[in-house]
Amino acid sequence: MTTQRSFKARVRTRMAKTGESYTTARRHLINRAAERASASTAAAPPGQAEPTAAPPGQAEPTVAPPGSAEPPAAPSVSAAAAQTERIADDLIRARTGRGWAEWFALLDAASATGWTHTRIARHLGTEHEVAGWWAQTITVGYEQARGLRAPGQRRGGGFEASASRTVAVPARRLFEAFADETARARWLPDVEVRVRTATAPRSFRADWAGGPTRIVVGIDAVGESKARVNVVHEKLTGAEQAAELKAYWRERLAVLKALFETDGDHR
């Protein structure tokens, strides 16, 4: 806690000196720390262990949104990670009753390799009572495992990036974090978002930074006081942009979670 407060104080000091926004000042300090760490690693004597990658779920460096005047920080986690690598077999089993291999075997038995993405997800929901978000998760994992799409790629050939978080607020409050312009600006500043559709409290669609990319947001209640949000950023140009935006959305959703779960959100 003391370290976090010290870092926030450094961010605010830089803001006062440069006139930068909190996000921009924070990004500069994170990037500077990363450069120092990189230089330290390069100078390490032969045989010395190098720093390991951040464990799954750990906050990643801030990545500037598309259109920013500054280049984005290099993402620490590639969008090319397969679904089965990102989501542990034990977690799939706990949430859906079966592990990856069992789901793949069931779908193979149903000849699902010839189905569309929508049909596979619907089959999992109607025949096996898998909740919407997890049905989509299993569908993507199956399509990747059977060579129907590459990680980060849609079935039609285009690319997308996705990220998700569980936040300890009701679903409607989490929906407002996207749909309410004032609330959205607190954790997603300096980005032009043109809303296409907003259906409380479950979905939100918008054009991103003037297009042509767009975001699709799904929100599922997890009891009365928690909800899970999944953001999919669609119509991307390739794997590199998908990797950048995946890191960006992971960092932004971490900020959203921290803000809305603390007294920093007074609504």
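A hairpin of three residues links strand β2 to strand β3. Strands here are DSSP runs of E with at least two residues, and helices are runs of H or I with at least four, numbered from the N terminus. The model is predicted, so local features need pLDDT of at least 70 and side-chain atom pairs pLDDT 80 or more, while totals for chains, interfaces and linings use all residues. Residues count from 1 along each chain as its sequence is written, and side-chain values use heavy atoms, without hydrogens and water.

Strand β3 pairs on two sides; two strands pair if DSSP finds at least two bridges between them.

| Pair | Residues | Bridges | Direction |
|---|---|---|---|
| β2 and β3 | 193–199 and 203–208 | six bridges | antiparallel |
| β3 and β4 | 203–208 and 214–221 | five bridges | antiparallel |

F204 in β3 is the bridge partner of A198. F204 also stands opposite V217 in β4. S203 faces G218 in β4. The hairpin of β3 and β4 has five residues between the strands, and A209 takes a positive phi near 50° there.

Five strands make an open, antiparallel sheet in the order β1-β5-β4-β3-β2. Its edge strands, β1 (159–167) and β2, each pair on one side only. Helix α10 (residues 239–260) packs on the sheet and touches β1, β3, β4 and β5 (227–236). Contact means heavy atoms within 4.5 Å.

Now to a helix residue. H123 lies in helix α6 (residues 117–128). Is H123 buried or exposed? H123 is buried because its relative accessibility is 18%. Buried means under 20% relative accessible area, exposed over 50%, and partly exposed in between, with a 1.4 Å probe and protein chains only. Leaving out residues up to four places away in sequence, H123 touches L107, A110, W115 and H128.

Note on methods: Axes are lines fitted to C-alpha atoms, for helices over the stretch in contact, and angles run from 0 to 180 degrees between N-to-C directions.
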